[in-house]
Amino acid sequence: MISYLGRRIIQSILILLGISLITFALLYLLPADPVRQIAGRSATPATVESIRRQLGLDQPFLVQYGRYLWSLLQGDLGRSYIQRSEVSQLIVARLPATLLLMLGAIVFELLIGLTMGIVAAVRRGTRTDQSLMVVSFIGVSAPQFVVGLLLLYVFAVKLGWFPIGGYGTFSHLVLPALTVAVMSSGWYARMMRSSMIDVLRQDYIRTARAKGLARATVLLRHALPNAILPIIAMIGIDIGILMGGIVVVESVFGWPGIGQLVWQAIQRVDIPIIMGVTLVSALAIVLGNLLADIIAPLIDPRIKLR
Amino acid sequence: MKTYLASTVAVAALAFGLSAASAQVVPDPDAKNGGSIIITYKDDVATLDPAIGYDWQNWSMIKSLFDGLMDYEPGTTNLVPDLAESYTISEDGQTFTFKLRAGVKFHNGREMTAEDVKYSIDRVVNPQTQSPGQGFFASIKGYDEAAEGKADGVSGITVIDPLTVQFELTRPDATFLHVMAINFSHVVPKEEVEKHGPDFGKNPVGTGAFKLGEWALGQRVVFEKNADYWNKGLPHLDAITFEIGQEPIVALLRLQKGEIDIPGDGIPPAKFQEVMNDPEQKARVVEGGQLHTGYVTMNVNIPPFDNVKVRQAVNMAINKERIVQLINNRAVPANQPLPPSMPGYAKDYQGYAYDAEKAKALLTEAGVGDGFETDLYVMNTDPNPRIAQGIQQDLAAIGIKANIQALAQANVIAAGGEKEGAPMIWSGGMAWIADFPDPSNFYGPILGCGGAVPGGWNWSWYCNADLDKKAEEADSIVDPAKAEERNEMWSDIYVKIMEDAPWAPVFNEQRFTMKSTRMGGGDNLYVDPVHIPVNYDHVYVNDVQ
């Protein structure tokens with residue numbers, strides 16, 4: 001276990017290094033010039049060059065990347081080109097919002113997805129099953145922008161049950177979290193269904209039923225703990241996807257998370273912010289996977305980490 | 001030395017082709033005081049440091065937190081003294097002396113002096129500040145040394161006494177009073193800048209009508225009334241909350257529900273017709289001109305655009321009326337670089353009328369009668385690709401096959417700044433909006449030789465040394481009494497440019513500001529040429545007292 005963890009941590013660090021190198025290289029190759037964004041349209045070429053020199057952007061790629069890594073090792077993500085504030089400060093200020101939205105989304109998608117999956121599995125082959133799978137398919141395919149605006153229009157504008165965008169209270173959280181959940185719950189429903197069907201076919205389930213146990217008991221006590229294993233691994237991966245993928249939802253609902261931050265930074269070629277958010281998201285994905293690996297054997301003793 | 005003093009301002013304003021101005025901005029006596037409003041924006045407020053902020057969102061927010069020596073009468077382009085009480089201009093137009101108002105205090109309680117004025121401009125010119133406004137001060141003596149970091153400050157700025165500051169210029173500069181009104185020359189207190197360093201932009205302290213109350217990153221910025229503001233009676237509002245991260249469409253829904261007062265990003269294009277067709281909503285929309293021109297640049301280095309006839313043909317081929325319809329009439333057709341509300345606009349100039357036949361004939365004369373293939377660069381956000389398609393169709397009608405290259409803004413700007421990078425660019429989304437209401441502002445960087453350099457903004461790479469000389473001549477007419485003459489010189493320059501046709505001007509965007517029913521004050525405050533979206537210091541609400 002310990003040696004396994006050690007190996008995984010070293011792997012994770014290598015992955016993060018690789019991601020930082022690739023992102024840095026892609027941003028370096030971008031035809032857009034960040035210095036021109038900082039200097040604005042009235043700047044003389046002399047001003048532009050002076051800013052370029054001060055930011056070290058006149059240096060060769062490897063020198064720039066080396067400097068970035070060196071600062072990174074000291075926990076310094078640099079300062080935003082446009083805002084001039086420390087990137088770490090900007091991310092930290094927005095991280096709670098993203099984490100909250102992520103948590104809300106995971107709760108919703110598990111509630112919706114697992115319920116749909118279990119019902120579909122139990123009623124396999126029936127109309128209920130088929131219509132649930134169609135619904136999950138629509139959920140997976142619908143663009144988040146559309147779902148978000150639709151929910152916003154119906155529940156906030158027309159019915160007035162929730163505020164139109166913003167951040168702060170639980171009622172602010174419901175619609176954006178639900179929007180994210182609509183998509184992923186479709187995945188969870190499909191995953192849960194097939195996993196549940198597999199488990200329900202097992203001998204021990206038939207035994208349990210034969211013993212005369214109630215159907216619900218068999219389902220929730222005997223089948224669910226086994227069927228849910230693949231879901232747990234999925235949550236780990238999901239954390240990463242959510243971390244980087246709720247840009248659209250954050251925009252629609254005016255949710256002050258890091259997705260919104262990076263979206264604005266991309267438009268302004270604010271490279272330190274793009275790098276910072278990418279690394280934090282990558283870290284979340286790596287940690288999420290690691291977490292899933294660590295939790296799996298705790299739930300299922302058959303899994304051994306080597 | 002000729003003395004103009006405060007009375008000159010009226011003369012200056014008249015001569016600049018504008019209505020008479022008072023020596024100081026006077027608050028509207030009918031305005032109600034108190035209450036607060038909510039304004040929404042999609043993007044974060046980048047910074048509130050006057051030396052750094054240079055986007056249309058923070059531009060007018062900074063104007064409410066800070067003051068400069070000069071300002072404009074609300075809702076107009078008339079210059080009036082602000083932190084200055086009066087000023088004198090030497091006869092040769094190279095020395096400007098400003099007498100400061102006594103008793104003006106920064107938000108931290110300290111009194112503002114001439115030293116602060118000098119410090120603030122020295123700071124912008126200092127290369128370490130990395131200010132986008134550095135170049136505006138190039139006419140001050142000692143600028144080069146200071147801008148290269150070889151001198152500690154700009155030697156041409158002298159503090160004569162605590163309430164008098166003098167600027168010596170290397171050449172007469174008719175735009176200098178405007179430069180003293182732009183944000184980059186707004187006055188900051190040294191001790192606060194040094195205390196916060198690069199974070200001053202998040203902790204702004206100025207002399208303005210409002211002071212910063214709260215800043216919750218990514219969520220909201222709150223401005224509170226500065227009770228000690230030198231211009232008593234201003235501002236009218238007790239507080240303004242800027243809510244950040246709101247999509248324009250969401251902002252409109254919230255406005256309709258009465259939750260907010262002004263959607264800062266305007267009416268979303270997709271909803272524009274709907275709003276304008278509803279009398280109740282339309283009544284809350286204020287329309288006005290803007291110091292903006294949308295144009296197609298043609299790179300004179302890339303054949304066949306090196307031939308003036310081809311460029312003229314493009315001018316005649318574009319059906320501007322139809323393009324304006326494409327954007328729901330949110331603009332008016334243009335025939336010259338200057339927008340109609342800019343002093344120096346050539347009212348009698350007709351431009352190139354839409355005439356596809358004549359355009360074809362010109363192409364034949366130029367030896368490309370069979371047409372040719374070229375690239376039209378455009379920023380990839382709506383409505384710009386749609387507009388580019390309209391232009392593409394018009395060009396196809398005379399045999400020019402223009403392939404649309406829709407790219408991110410920064411990439412289009414990069415292509416335009418290369419000598420042979422982009423044959424044609426539609427300027428939408430990156431178009432020139434004046435820094436200050438003076439005709440010269442549409443020339444230097446975008447049509448003059450100085451901008452036709454790698455990384456410059458003169459995307460047509462048009463360089464006419466003769467016109468550069470004329471421009472310099474016009475700008476050396478500092479005497480406000482001769483401003484009309486100067487404006488006419490500028491008119492001539494732009495008409496001459498149109499003969500060479502490096503641009504095809506397409507339209508001037510109109511502004512449409514939507515507000516809640518409780519907002520009060522004249523319509524001109526909501527389409528103020530210098531303050532976008534509104535003049536925060538002067539607007540008020542009706543539901544107080």
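From the N terminus on, the elements of chain A follow the order α-α-α-α-α-α-α-α-α-α-α-α-α-α, and the chain accordingly holds 14 helices and 0 strands, where helices (H or I, at least four residues) and strands (E, at least two) are DSSP runs numbered from the N terminus. The model is a predicted one, in which local features need pLDDT of at least 70 and side-chain atom pairs count only at pLDDT 80 or more, whereas totals for chains, interfaces and linings use all residues. Residues are numbered from 1 along each chain as its sequence is written, chains are lettered from A and ligands numbered from 1 in the order in which they are written, and side-chain values use heavy atoms, with hydrogens and water left out.

Taken along the principal axes, the C-alpha atoms of chain A fill a box of roughly 85 × 55 × 30 Å. Of the 306 residues in chain A, 48% are buried, a class that means under 20% relative accessible area, with exposed meaning over 50% and partly exposed in between (1.4 Å probe, protein chains only). Among the contacts in chain A with a separation of 6 or more, 73% come from residues 24 or more positions apart, a contact being heavy atoms within 4.5 Å.

The interface with chain B is described next. In it, 46 residues of chain B are in contact with 42 residues of chain A. The area buried between chain B and chain A is about 3,700 Å², of which carbon and sulfur atoms give 50%; buried area here is the accessible area (1.4 Å probe) that two parts lose on being put together, summed over both. Asp44(B), Gln130(B) and Leu217(B) supply 16% of the area that chain B buries against chain A, more than any other three residues. One of these, Asp44(B), is also among the residues in contact with Arg268(A). Arg268(A) is placed in the loop between helix 13 (258–267) and helix 14 (271–299) of chain A and counts as buried at 16% relative accessibility. When neighbours within four places in sequence are left aside, the contacts of Arg268(A) are Gln37(A) and Ile82(A) in chain A, together with Asp43(B), Asp44(B), Ala46(B) and Gln57(B) in chain B.

Between chain B and chain A, 15 residue pairs are in polar contact, both residues being at pLDDT 80 or more; a polar contact is a pair of N or O atoms within 3.5 Å, of which, within protein, one must be able to donate a hydrogen and the other to accept it, and residues adjacent in sequence count only if both atoms are side-chain atoms. Helix 7 (248–256), helix 14 (409–416) and strand 18 (432–433) of chain B each supply at least two residues of the side of chain B that touches chain A. By class, that side has 21 nonpolar, 15 polar and 10 charged residues, with Ala, Val, Leu, Ile, Met, Phe, Trp, Tyr, Cys and Pro counted as nonpolar, Asp, Glu, Lys and Arg as charged, and the others, Gly among them, as polar. The interface also has 3 salt bridges, a salt bridge being a side-chain nitrogen of Lys or Arg within 4 Å of a carboxyl oxygen of Asp or Glu. One of the salt bridges between the chains joins Arg79(A) to Asp199(B), with the closest N and O atoms 3.1 Å apart.

Over all chains, the search finds 30 salt bridges. In chain A, Arg52(A) pairs with Glu49(A) at 3.4 Å between the closest N and O atoms; these two residues are 3 residues apart in helix 3 (residues 45–54), and are therefore separated by about one helical turn. Arg52(A) counts as buried at 18% relative accessibility, whereas Glu49(A), at 38%, counts as partly exposed. In chain B, Asp116(B) forms a salt bridge with Arg110(B), the closest N and O atoms being 2.8 Å apart; Asp116(B) is buried at 4% relative accessibility, and Arg110(B) is partly exposed at 28%. The side chains of Glu259(B) and Lys257(B) meet in a further salt bridge (3.6 Å, N to O), with Glu259(B) partly exposed at 29% relative accessibility and Lys257(B) partly exposed at 39%. Through salt bridges that share partners, Glu243(B), Arg254(B), Lys257(B) and Glu259(B) are joined into one network.

The count of disulfides over all chains is 1, a disulfide being a pair of cysteine sulfur atoms within 2.5 Å. The disulfide is formed by Cys449(B) and Cys463(B), whose sulfur atoms are 2.0 Å apart, and the link is right-handed, with 95 degrees about the S-S bond. Both cysteines lie in the loop between helix 15 (444–447) and helix 16 (465–475) of chain B, so the pair ties together parts that are 14 residues apart in sequence. Cys449(B) counts as buried at 17% relative accessibility, whereas Cys463(B) counts as partly exposed at 45%.
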